[in-house]
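Subject: Structure handover

Hello,

Here is the structure I promised to pass on. Please open it beside this email, as my notes follow directly below.

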Amino acid sequence: MKKIAIITGASGSLGSVFVRELAKEALDEIWVIGRNEQRLFALKEEFGEKIIPLCKDLTKKTDLVSLSAALKEQNPSLLWLINNAGIAKMAPTKDFSISETEQIIDLNCKAPAILTNICIPYMQEGAKILNISSASAFQPVPYINLYAATKAFKRSYSRALNAELKPYKITVTAVCPGWIDTDMLPKEINEKKVRFPGIVSPEKVVKKALKDAKKGKDMSVCSIYVKCQHLNVKLLPQRLTMKIWLQGIKKYL
């Protein structure tokens with residue numbers, strides 16, 4: 001039985017690092033999913049024939065159905081599912097269009113939940129699911145309200161699913177990093193250079209996530225900064241944590 005991994009959002013900064021690290025594992029194929037076909041094929045050029053580019057838009061039901069059909073046809077042993085694809089936007093909630101709101105929820109919540117259900121039947125003992133959540137899942141976050149709420153969904157969903165799948169020895173890990181140095185982060189907002197406290201490299205996040213998943217952890221937090229943040233939001237009232245956040249970002253609004 002062919003051993004495979006599936007990585008969504010594979011053409012992005014974090015996704016490509018997951019590809020690089022999983023290319024070192026004993027896998028026959030790595031299915032890399034994204035919307036940028038050129039970048040997906042660049043991964044194949046870099047990492048070789050085990051990379052299977054699949055140009056898909058996971059907000060479209062037809063593309064999810066086509067992935068289900070591909071799995072049914074191949075009937076592989078799926079060892080890793082990395083639900084990495086996602087969208088972020090920092091703006092007042094009133095400025096979001098209907099289509100933007102729908103797309104963020106569809107890609108950040110619906111797609112990973114549906115894809116996970118599609119993939120579970122092909123997983124055996126020792127398989128691992130990583131859902132890329134965020135430190136913003138720990139508390140309400142004004143001005144990235146919708147993004148943070150979708151990441152809270154992903155964290156809760158992952159930890160509960162991990163408990164459900166424990167009898168089958170399948171691990172589900174919510175990966176909860178803080179700021180990651182990727183192309184997704186804006187360098188300037190309103191002509192002001194943005195400061196990102198505790199920012200870390202994609203490599204640090206990925207290596208810690210894979211290590212924690214192999215240990216069977218249901219949550220991965222990769223830095224002391226975010227661990228302290230997680231502790232703070234447990235101890236402080238949420239109104240206070242939101243006030244502190246608003247103080248930090250007011251110059252960008």
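D95 is partly exposed, with a relative accessible area of 42%. That value falls between the 20% limit for buried and the 50% limit for exposed. One caution before going on: this is a predicted model.

D95 has a charged partner. K94 forms a salt bridge with D95, and the closest N and O atoms are 3.2 Å apart. K94 itself is exposed, at 72% relative accessible area. Elsewhere, salt bridges with shared partners link K208, D212 and K217 into one network.

How many salt bridges does a search of the whole structure find? The count is 11. Two others deserve a look.

Salt bridge E29 to K2

The side chains of E29 and K2 meet at 3.2 Å, N to O. E29 sits in strand 2, residues 29-34. K2 sits in the segment before strand 1, which covers 3-8. The pair therefore ties together parts that are 27 residues apart in sequence. Are the two partners buried or exposed? E29 is buried, with a relative accessible area of 15%. K2 is partly exposed, at 25%.

Salt bridge K24 to E21

Here, too, side chains meet in a salt bridge: K24 with E21, at 3.2 Å, N to O. K24 counts as exposed, at 59% relative accessibility. E21 counts as buried, at 12%. The cut-off for buried is under 20%, so E21 qualifies.

Helix 4 against helix 5

Now the helix packing. Helix 4 spans residues 98-119, and helix 5 spans residues 145-165. They pack at an angle of about 10°, with their axes 9 Å apart. Helix 4 is therefore roughly parallel to helix 5. The cut-off for that label is under 35 degrees.

Which residues of helix 4 and helix 5 meet?

- From helix 4: T101, I104, I105, N108, C109, P112, A113, T116 and N117.
- From helix 5: L146, Y147, T150, F153, K154, Y157 and L161.

The residues of this contact divide into 10 nonpolar, five polar and one charged. K154 is among the contact residues of helix 5, and Lys counts as charged.

To find these places in the viewer, start with K94 and D95, which form a salt bridge. Then go to E29 and K2, another salt bridge. Finish at the contact of helix 4 with helix 5.

Best wishes

Note on methods:
Residues are numbered from 1 along each chain as its sequence is written. This is a predicted model: local features need pLDDT of at least 70, side-chain atom pairs count only at pLDDT 80 or more; totals for chains, interfaces and linings use all residues. Side-chain values use heavy atoms; hydrogens and water are left out. Axes are lines fitted to C-alpha atoms, for helices over the stretch in contact, and angles run from 0 to 180 degrees between N-to-C directions. Helices (H or I, at least four residues) and strands (E, at least two) are DSSP runs, numbered from the N terminus. Angles under 35 degrees count as roughly parallel, over 145 as roughly antiparallel, 65 to 115 as roughly perpendicular and the rest as oblique. Contact means heavy atoms within 4.5 Å. A salt bridge is a side-chain nitrogen of Lys or Arg within 4 Å of a carboxyl oxygen of Asp or Glu. Buried means under 20% relative accessible area, exposed over 50%, partly exposed in between (1.4 Å probe, protein chains only).
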